[in-house]
Structures are given as C-alpha cells and as structure tokens.
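Reader: I should like to go through this model with you. Could we begin with the charged pairs and then move on to other topics?

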Amino acid sequence: MKKNLAIIITTVIGFSIASYQYLFNRSIWLDEAKLALNILDRDYLGLTQPLDSGQVAPVLFLWIEKLSIQLFGANELTLRLLPLIAFLLAIILVVKVTKLLTNNNMFTWYTTALFCLSPRLIYYASEVKQYSIDVMVILLLYYVFFKPYKTKSTKHLVLITVGVLSLFISNITVLVLFVLGCYTLVFEKEKIKSLVLPSLFWVTAFIAYYVLFIYKHPSAELMTRYWQFAFMPSNPFSVDFWSWLWQTFKTIFTYLLGFVAHYYIYMLMLGLYVFSVAAMLKKRAYKLCFLVVFPIVLHLILSALKLYPFASRLVLYQVPLYLITIGYGLNSILDYGKQKFNYNIVLVATLFPIVISAGLLWKRMPIKREEIKPVYNYIIDNIKPEDKIFVYAKNQDVFDFYNKIGYLNFKNETILGGINRKNFKNNDAELDRLKGNVWFIFAHNYKFKHDKISEQEYILNYLKANGGIVKDSINSVKSDGYLIELNK
C-alpha cells in the first residue's frame, strides 16, 4: 500500500511539474513557429501536402493541432495542448507498462520518478512538435501488446486500432511494431498466429502512409543533408565510427537524459545504465532486456543505412527505455544491498540519481528557450509612430506567428533582414539604407564555430561604427531588442 501511494504521489508531482511548465507559456521559438504557421495557414487537405519551411510531421498530429486551434483559438497554449496531454498519458503508461513487465512496485517507482523528473521530457511536453507524442506511442504500444485481454477478438480490435492510428500520428510507430514482431518471434513463437491479422492491418496502413506522405517527399533530400551528422558511420573498424558512437551516447546521457555539463554525473549514469543491462542479463530478464535495448540498436542500424537519423529529439521516444533500464538497475541494487546492509541506508543510496534529477530540474524550472515576448512587450510599450522595425532573419517566422494570432499589431514600417549567416558582409547594403530611429529585434542568434562574433554583434558593431547611437535596449533569454538612431 505504501509503495502504491508513493507511485501515486510521484505521478501527481509529474503532472504538476508538466502543467506548471505548460502554464508558464514560454515564447514560441523558430522551429515551433515554422510548424505552427503551416497549421494556421492551411486547411486539413492542405496539411496532407508537403509543408513549408522544410517541416515534416505526421498527418494525424497536424489534424489534431488544427482542430485544437479551431476549438480553442490560435495561441501557444492551444498548440501545446496535445504534447502536454501525450506526456501526462505517458506518465500513466510508464506505471502500467513497468507493472506489466515485472510486477515490482519499487522498480515501477524508480522508473516513474526518473520519468517525471526528466527535463527533456518536461520541455517537450510544451513544445509544438510531435516528439512528446512519440514517447506516449512507444509506451502505449507496449501496454496494449502486453496487457491481458478477455477475448482474442478484443485483443485484435485494440491492437489493430491502436497500431493503425499510431502509424498516422507518430513516425516511430513502424519501428516499435517491428520490435514487437521480433519479440514474438524470439520469445513467444506460439503467439505468432494471433498477430497475423493485426499485422496485415499494420502493414497495409504503413504502405498507405508511405505512399501518401513519404515516397518521393520533396523535403527528403533537405532532411538528409540537415541530419547528416546523425547518421552512424557504417564501418565499425573506422575511427569515425567509434568517435560518432561516443559523441552520440555522450549526448544521450547529458542532453537527452538531462545531465548537461555535469561530467561526473553523466558518467555515473552511463555506468549505472551498463550495470543495469548486465543485471538484466545476469537475472535472465532477457525479454525485458530485448524490449529496452533492441529498439536502440535497431535505430542505430537504420541510421547507418541513412534511413532514420539518430538525433537527440528524434530519439526522445527512447528516454523511457533508458529510464526503465536504470530503474531496473536501482531496484537490483536495492534487492542485493538489503541482504548485506541496512535496508534504509541502501534505499537512500539508490535515491541519488532521483535526487540529482530533481535538483537539476529545480534549477531549470521553468525551462526557457528564446524568450522573445518580453522584447515584443517592451517595444509595444515604448515604440513611437515614426520608429521603424528591423526583424532579424531568424526571428521572422516567430514575428509572423505572433502577428497572425494578434499578439502584435505594429503599424510601423517593418524591414525584414536578409538571410546572411554565411556572409555577414551581405548585411551592409541593407543596413546602409536605414535611417531614423529603428528597433532591431534579434532571436535565434547563434555563433558558429568558425565565427569570431555572432551576426547580431556584427550588425550592432557595423551600425555603431557608422554613427548609429543605441538609445534604448531590452535583453531577454536569447532574444534582444535595440532602438538605434541612424542619421546618415
């Protein structure tokens, strides 16, 4: 009873953290804005066509987003409602799946606690992207696959319905269904016949989805170039292969699992993960090991074949797999330690990863990305009718989004900056044409490794060098605004 209560309390905490992050209503940023503009500007049929700005998302996800803004209005909270609901359902599913797989309450609690305190999962629970849905889908498919049913027909109906809908709302569904098929072939051959009918529907639905939305997609080449760093080198005897593998798993145990820049912590978590896999093998928990490790291996193989990039947000669905593994390891330590040492001491020791996760999440909450709204608000309060507005190139989609939803209502002359990241000097001509008082709005301003200064710094330095005077400014999280007097 006490352990069940602990799981319930942890679930409530997870719900509360995610809801707080959602209600904080952080500013929308570039990638979100690009996808959101497609959803705002198109009807349902239009959303079945290749999206603008190189965006790619499952059609059912796009349709639900479109329905949401029609029901509740066009704003960030509405667009982020589906990812939030997906994460909240994922919390419940983590509890159910872990209980189905081991029926061990401590293992369930460890995993649930780590899941609810994951900064990356909390962040994507309020992101206008489909990655939070991916997390829910893998857990949902595991749940409906392993849960007991009263009749075979009920099982078929559930597997067919959930599988087909999942194929249209999450790109990782086909991978998960393949994993479950392989699991049946390896461990439960006697159940193969029961999967024949669902598999026929799954394959038919996937072929239909592939033909309609993937085959000869105009953004395929662009996506391949963009994600080229996320394809594993195919030669395991090369230095590049092992270097890529190390950097990739370093990213997983820092960025993806939330232990950014804490070397000693993520190395500890990596060691705990390896120990946990070893514990599964030692205890002959081969089925569980297969379910949490094989999807990762399969995705790595697909990345080597250049079929599916192995990049941080594209593998967000794997976070539950890592956390289930670590939860199993912590429970193994507790089971072994309580036989040799004081139970309470061992229990406290196993809480270390959870305490660290809670501490790191506490420092980051609410999680912010590019807080442009304070900049807009300041300019709204201080702009004069004769002032002009210059919008930095990488902020234009966000600027357009906030205009479309009515958040901005500037009547001032607006100048859209050119895309000059590859050559800052291309800014000079358009900057030379500006006169009078101009509000410069910057966001998504990154400095690449080969650049000594950022493009924002270049623009500001150029204006000052040519007589520009900074009369006012507002600085926010990775977003800035400057009123500059230009009298040339």
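This is a predicted model: local features need pLDDT of at least 70, side-chain atom pairs count only at pLDDT 80 or more; totals for chains, interfaces and linings use all residues.

Reader: Where do Asp 41 and Lys 404 lie in the chain?

Author: Asp 41 is in helix 2 and Lys 404 is in helix 20 (residues 396–404), so the pair links distant parts of the chain, 363 residues apart.

Reader: How many salt bridges does the structure hold?

Author: There are 9 salt bridges in the structure. One of them joins the side chains of Glu 127 and Arg 26, at 2.5 Å from N to O. Glu 127 is in the loop between helix 7 (119–124) and helix 8, whereas Arg 26 is in the loop between helix 1 (2–24) and helix 2 (30–41); these two residues are 101 residues apart.

Reader: And are Glu 127 and Arg 26 buried or exposed?

Author: Glu 127 is buried, because its relative accessible area is 2%, and the cut-off for buried is under 20%. Arg 26 counts as buried at 1%.

Reader: Which residues are linked with Arg 26 in a network?

Author: Arg 26, Glu 32, Arg 80 and Glu 127 are linked in a network of salt bridges. Within it, the side chains of Glu 32 and Arg 80 meet at 3.0 Å, N to O. Glu 32 is in helix 2, and Arg 80 is in the loop between helix 4 (76–79) and helix 5 (81–102), 48 residues apart. Both Glu 32 and Arg 80 are buried.

Reader: Changing topic: which residues touch the most other members of the largest nonpolar core?

Author: That core has 145 residues, and Phe 87, Phe 115, Leu 139, Tyr 142 and Phe 401 touch the most other members. Helix 8 (residues 131–146) gives the largest share of this core, 12 residues. A second, separate core has 17 residues, among them Leu 431, Phe 440, Leu 463 and Ile 484.

Reader: What does Phe 87 touch?

Author: Apart from residues up to four places away in sequence, Phe 87 touches Gly 14, Ala 18, Phe 115, Leu 121, Ile 122, Ala 125 and Ser 132.

Reader: Now helix 3. Which of its residues are buried?

Author: The buried residues of helix 3 are Val 59, Phe 61, Leu 62, Glu 65, Lys 66, Ser 68 and Ile 69. Their cover includes helix 2, helix 4, helix 5, helix 8, helix 9 (152–169) and helix 11.

Reader: How far apart are the end C-alpha atoms of helix 3?

Author: They are 20 Å apart, which agrees with the 20 Å that its 14 residues (59–72) should span at 1.5 Å a residue. Just after helix 3, Gly 73 takes a positive phi of about 95°.

Reader: You mentioned helix 11 as cover. Where is Tyr 210?

Author: Tyr 210 is in helix 11 (residues 192–214). Tyr 210 counts as partly exposed, because its relative accessibility is 35%. Together with Val 203, Ile 207, Val 211, Ile 214 and Tyr 215, Tyr 210 makes a nonpolar surface patch of about 560 Å².

Reader: Lastly, what is Asn 331 in contact with?

Author: Leaving aside neighbours within four places in sequence, Asn 331 is in contact with Asn 104, Met 106, Phe 107 and Tyr 110. Asn 331 lies in helix 16 (residues 319–340) and is buried, with a relative accessible area of 8%.

Technical notes. Residues are numbered from 1 along each chain as its sequence is written. Side-chain values use heavy atoms; hydrogens and water are left out. Patches are made of residues with over 30% relative accessible area and no salt bridge: like charges are joined within 9 Å, nonpolar side chains (Val, Leu, Ile, Met, Phe, Trp, Tyr) within 5 Å. Accessible areas come from the Shrake-Rupley method with a 1.4 Å probe; for residues, only the protein chains shown count as cover. A salt bridge is a side-chain nitrogen of Lys or Arg within 4 Å of a carboxyl oxygen of Asp or Glu. Helices (H or I, at least four residues) and strands (E, at least two) are DSSP runs, numbered from the N terminus. Buried means under 20% relative accessible area, exposed over 50%, partly exposed in between (1.4 Å probe, protein chains only). A nonpolar core is a set of buried Ala, Val, Leu, Ile, Met, Phe, Trp, Tyr and Cys residues joined through side-chain atoms within 4.5 Å. Contact means heavy atoms within 4.5 Å. The expected span of a helix is 1.5 Å times one less than its number of residues.
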